[in-house]
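These are my notebook entries on a model that I went through entry by entry. I wrote down what I looked up and what I found.

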Amino acid sequence: MSAVLTVQDIHTFIGQFHILEGVTVEVPDHSITALLGRNGAGKTTTLRSIMGLNPPARGQIQYRGQALNGRKPYDIAQLGLGYVPDYRAIFRQLTVEENLKIAERRPGDLDRKRQFIFEIFPDLEKLYQWPGGQLSGGQQQMLAIARALVPDNSLLLIDEPSEGLAPVIIEGMMAAIRRLTAQAAVLLVEQNFRVASQLADRYVIIEDGRSVHSGTMPDLLASPALIQKYLSAA
Amino acid sequence: MRPTLRVNVFRQSLIVSGLFVLGLLVVNLAVFKPSTVAVVMLSGLYQGMLFFLIAAGMSIVFGLLDVLNLAQGAFFMLGAYAGFAIYGALPAGTPIEARFLAALLGAAVTGGLAGALMEVGLLRPLYARPVYQIVMTLGLSTALNEMVRAIYGPAGLVPIEEPPALATTFTVLGGQFETYRVFIIVVGAALMLGISLLLQRTRLGIIIRAGVQDSEMVQALGINVRRIFTLVFALGTAVAALGGMTAAPFLGAYPGMGTDFLLVAIIVIVIGGMSSYEGTAVASLLVGLTRATAEQISLQYFNTPILASVSILLFMVAVLLVRPTGLFGRE
Ligand SMILES: Nc1ncnc2c1ncn2[C@@H]1O[C@H](COP(=O)(O)OP(=O)(O)O)[C@@H](O)[C@H]1O
Ligand SMILES: [Mg+2]
């Protein structure tokens with residue numbers, strides 16, 4: 001199984017704050033890798049570093065053999081990366097359709113993907129002409145993920161998709177994310193350990209800006225000590 | 001299922017604006033004779049369109065880039081001078097219609113290119129530094145004013161000759177009105193509609209409306225936002241320069257000619273709700289009509305046009321007291 005993305009020992013500063021102090025992540029193709037760790041550990045910053053929104057000062061980021069370092073965010077996205085930020089970033093004044101349309105990288109992208117998107121998120125079909133600002137939290141989350149599906153992305157960075165959603169909505173969201181691996185690899189940040197453990201094939205634990213552990217999800221589930229040490233809300 | 005909430009707020013603002021125009025009309029009918037009413041209304045519309053041509057770019061740029069371009073009045077002036085330069089540069093036998101059209105297009109192109117240059121060269125280093133932006137855009141405005149003063153002299157240039165077909169007058173309800181001013185109304189209305197279609201119907205429009213809220217996310221979707229910024233800024237200055245050239249047949253061109261218009265444009269944008277395009281479009285006309293009405297009242301009763309400027313300031317204060325975010329502004 002080849003890696004779509006290799007993040008090698010990156011260091012990222014925000015202002016003068018040294019936020020990431022050595023993060024290494026590998027994302028194999030067509031699988032889900034979970035970034036785990038406590039609040040403030042540096043998970044969001046890792047995703048933003050990959051997208052070039054907080055470019056790392058040191059370390060290497062390789063996507064399908066190409067270095068991402070030094071590239072602008074729009075350039076990185078065009079290589080086939082889709083970003084779903086934790087705040088969802090739905091354009092409130094744009095309709096659902098326009099929110100999807102803006103993600104096209106080639107004319108016709110949305111026409112090609114519309115059926116697939118409606119299949120995964122049936123709600124979006126009846127909301128198609130609604131302004132993004134009037135969707136519920138769960139609907140906005142669906143739209144945010146759907147938007148990343150419009151172009152042919154082969155890596156999706158999804159930040160806290162279950163945050164603030166009702167349990168029944170979370171179930172649907174999980175089913176949807178599982179289906180995405182047919183066409184893309186997923187790097188998932190997820191605070192809800194139950195969700196993360198059911199979805200992900202592999203995990204990377206981040207603690208205080210450093211990646212401290214990684215492996216397969218079954219291995220992690222088999223070591224309560226590890227979970228206790230890094231992931232319990234202590 | 002159809003969304004309604006936002007649409008209702010928008011419709012409310014439109015209704016309020018419509019009622020305001022109706023009110024102005026009633027005042028007009030009460031105070032003036034019909035021939036004067038017609039002329040005042042047309043005059044309000046044509047002034048409003050000129051305000052719109054300056055304010056449109058300013059408001060869109062403010063929404064997208066958080067920059068209040070105080071040099072926009074200077075681009076208005078630049079358009080007038082560019083028009084003169086093109087008029088003079090064309091060979092002697094060129095028909096006046098061709099000259100005029102070339103001057104209009106040339107002014108827009110000049111304004112657009114100069115705007116692009118300004119965005120890339122001067123503004124880009126100053127994003128996220130609002131105080132510097134104010135100083136820079138004001139400074140550039142002064143520099144452009146001084147530049148045309150140095151090249152063309154302080155006196156300014158006599159008004160450009162308009163095509164004979166537009167140099168006529170006509171009568172409405174017994175009042176005399178210049179055809180050329182109707183031409184300005186038509187040009188303004190066409191641009192108002194054109195920009196609206198651009199914003200609502202095109203990919204660029206979607207990107208602009210999205211960028212107003214979250215340009216970082218737009219960029220993360222694979223769009224080169226910097227290039228969009230330059231393009232939008234240049235479109236805004238192009239429209240202002242076009243405005244300056246359309247005004248040249250009766251204002252002429254002189255250093256500082258954009259300054260008064262700039263101040264009114266700022267008032268228009270505030271009344272409309274800062275970054276709302278629809279607000280700017282509607283407020284331009286309201287301000288134009290208010291100003292024309294107050295000007296006529298002032299002339300008729302006090303023999304001075306002084307109330308014209310005062311009226312729009314009062315209008316702004318009144319709007320802000322009732323709606324602090326402006327007519328179409330969002331909280
Ligand atoms: N813009 C910022 N300025 C300063 N510190 C920041 C900024 N963004 C994040 N941080 C800090 O960086 C650390 C990691 O943040 P983040 O990546 O959001 O963590 P996580 O997503 O794991 O909760 C936190 O301590 C946070 O306070
Ligand atoms: Mg986070």
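Entry one: a salt bridge between chains. The model is a predicted one, and I began with A:Glu98, which forms a salt bridge with B:Arg209, the closest N and O atoms lying 2.9 Å apart. I counted this pair as a salt bridge because the cut-off between the side-chain nitrogen and the carboxyl oxygen is 4 Å. I then asked how many salt bridges the rule finds across the interface of chain B and chain A. The rule finds two there, while a search of the whole structure, over all chains, gives 18. Placing the two partners, I noted that the pair crosses between chains, with A:Glu98 in helix H3 (residues 96–101) of chain A and B:Arg209 in helix H7 of chain B.

Entry two: the interface itself. I looked up which residues take part, and found that the contact draws 28 residues from chain A and 24 residues from chain B. Between them the two chains bury about 2400 Å², and 59% of that area is on carbon and sulfur atoms. For polar contacts across the interface of chain B and chain A, the rule finds 10 residue pairs, with both residues at pLDDT 80 or more. On the side of chain B that touches chain A, the elements giving two or more residues are helix H1 (5–31) and helix H7 (203–220) of chain B. Which of these elements gives the most to that side? I found that it is H7(B), with 12 residues. By class, I recorded 11 nonpolar, six polar and seven charged residues on the side of chain B that touches chain A.

The lining of the second largest pocket divides into 10 nonpolar, six polar and five charged residues.

How many cavities of 30 Å³ or more does the structure hold? I found two. The largest cavity has a volume of about 50 Å³, and among the residues that line this cavity I listed A:Ile50, A:Pro55, A:Pro56, A:Ile61, A:Leu68, A:Arg71 and A:Ile76. The lining of the largest cavity has six nonpolar, four polar and one charged residues.

The second largest cavity holds about 30 Å³ of space, and its lining includes A:Tyr83, A:Arg105, A:Arg147 and A:Pro151 together with B:Ala220 and B:Leu221. Strand S6 (81–84) and helix H6 (137–149) of chain A are the elements that give two or more residues to this lining, and S6(A) has the largest share, three residues. By class I wrote down six nonpolar, two polar and two charged residues for the lining of the second largest cavity.

I looked up phi for A:Arg64 and found a value near 45°, which is positive in a residue other than glycine; A:Arg64 sits in the loop between strand S4 (58–63) and strand S5 (66–67) of chain A. Phi of A:Glu160 is near 50°, again a positive value in a residue other than glycine, and A:Glu160 belongs to the loop between strand S7 (155–159) and helix H7 (167–180) of chain A.

Methods: Residues numbered from 1 in each chain as written. Chains lettered and ligands numbered in written order. Predicted model: local features only at pLDDT ≥ 70, side-chain atom pairs only at ≥ 80, totals over all residues. Heavy atoms only, no water. Contact = heavy atoms within 4.5 Å. Buried area = accessible area lost by both parts, 1.4 Å probe. Polar contact = N/O pair within 3.5 Å; in protein donor to acceptor, adjacent residues only side chain to side chain. Helix = DSSP H or I, 4+ residues; strand = E, 2+ residues; numbered from the N terminus. Nonpolar A, V, L, I, M, F, W, Y, C, P; charged D, E, K, R; others polar. 1 Å grid on protein atoms, 1.4 Å probe; cavity = no way out; pocket = protein on both sides within 12 Å on 5 of 7 lines; lining within 4 Å. Points joined across faces, edges and corners; volume = space filled by probe spheres on them.
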